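Colleague: I have a model open and would like to go through it with you. Could we start with what counts as a contact?

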Amino acid sequence: TLSFGGSFEGRGALSGLRLSVDYYRIKVKDVIASVSATDSIARCFAGNQTYCQAIEFDNSAFGIARVLVQPFNQSLLDTEGVDFEFGYRTGLDKIGLPGSIDATLFATRLLHQKTTDVAGPTGVTLDYAGYQASQSKWVMSAYLNYKLEPVTIGLQMRAFSKIGFSPLYVGPDEDGYDPTASNSINKNFCEGQQLFNLNLAYDLELGGKKAQIFGNVNNLFDTEPPEF
């Protein structure tokens, strides 16, 4: 594991500002990991006999009775990325308004997540960064809270960039797409999304003890999940 980073906390005119950036790269040799049923079928069909062992073939219309999701020796895992954090907290009295705000943004940039199926120079390496077996290349969470005692209103956003079905397939918008090829499918990527949540909290005292009443609205705009 290799990791390093830095942070900054504002002073004076920048008081309330905080920033941090962290880089990581992790390599694991002789890694053992499970492979999805879809990937097992695709890799077997591509000629990798190791994954054919997970498939039970039959005489049905599809020719497959079941696929076992089981661990395989993938030889090497190599993942690399950068984590970001941005935050700002301040009172609004500076601009003649009541209350205070607290904003925070977390973001992760996945540069790559590579797996090598077979040890040695002939091993097949696939990069799962940006695919559902791993995660989108960009994942973000943002929080904005406004507090005016005893009320706090918060808005949360979660977002991710476009995500693919599998690096073993090719979609119409990718190089190498051929409708006659076995690895070409009609849709290999879905667009990214932003999801919003809203929450409200009210602080009060009951019998000398502190209490809080709160409510949440998840998926504020009723956004449907992406479909392949």
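Modeller: Contact here means heavy atoms within 4.5 Å. Please keep in mind that this is a predicted model.

Colleague: Understood. Which residues does Phe 106 touch, leaving out those up to four places away in sequence?

Modeller: Phe 106 touches Phe 84, Glu 85, Val 139, Met 140, Ser 141 and Tyr 143, with residues up to four places away in sequence not counted.

Colleague: Where does Phe 106 lie?

Modeller: Phe 106 is part of strand 8, which covers residues 100-116.

Colleague: And how far apart are Phe 106 and Phe 84, in sequence and in space?

Modeller: They are separated by 22 residues in sequence, and their C-alpha atoms are 5.8 Å apart in space.

Colleague: Is Phe 106 buried, exposed or partly exposed?

Modeller: Phe 106 has a relative accessible area of 37%, so it counts as partly exposed.

Colleague: Let us change topic to the cysteines. How many disulfides are there?

Modeller: The count comes to 1 disulfide. It joins Cys 44 to Cys 52, with an S to S distance of 2.0 Å.

Colleague: What is the handedness of that link?

Modeller: The link of Cys 44 and Cys 52 is right-handed, with 100 degrees about the S-S bond.

Colleague: Are those two cysteines buried or exposed?

Modeller: Cys 44 is at 12% relative accessibility and therefore counts as buried. Cys 52 is also buried, because its relative accessible area is 14%, and the cut-off for buried is under 20%.

Colleague: What about Cys 190, buried or exposed?

Modeller: Cys 190 counts as buried because its relative accessibility is 3%.

Colleague: Which residues of helix 1 are buried?

Modeller: Helix 1 spans residues 37-45, and its buried residues are Asp 39, Ser 40, Ala 42, Arg 43 and Cys 44.

Colleague: What covers them?

Modeller: The cover over the buried residues of helix 1 includes helix 2 (49-52) together with strand 4 (55-57), strand 5 (64-67), strand 6 (71-73) and strand 9 (125-127).

Colleague: Which residue just after helix 1 takes a positive phi?

Modeller: That is Gly 47, with a phi of about 110 degrees.

Colleague: Which residues does Ser 166 touch?

Modeller: Not counting residues up to four places away in sequence, Ser 166 touches Asp 39, Tyr 131 and Asn 188.

Colleague: Last topic, the backbone. Which peptide bond is cis, with omega near 5 degrees?

Modeller: It is the bond from Glu 149 to Pro 150. Pro 150 is found in the loop between strand 10 (138-148) and strand 11 (151-160).

Colleague: What is the phi of Asp 30?

Modeller: Asp 30 is not a glycine, yet its phi is positive, at about 55 degrees. Asp 30 is in the loop between strand 2 (17-29) and strand 3, and it counts as exposed because its relative accessibility is 58%.

Colleague: And the phi of Asn 219?

Modeller: Asn 219 has a positive phi near 50 degrees. Asn 219 is in the segment after strand 15 (209-217), and its relative accessible area of 25% makes it partly exposed.

Notes
Residues numbered from 1 in each chain as written. Predicted model: local features only at pLDDT ≥ 70, side-chain atom pairs only at ≥ 80, totals over all residues. Heavy atoms only, no water. Disulfide = S-S within 2.5 Å. Buried < 20%, exposed > 50% of the residue type's maximum accessible area, 1.4 Å probe, protein only. Helix = DSSP H or I, 4+ residues; strand = E, 2+ residues; numbered from the N terminus.
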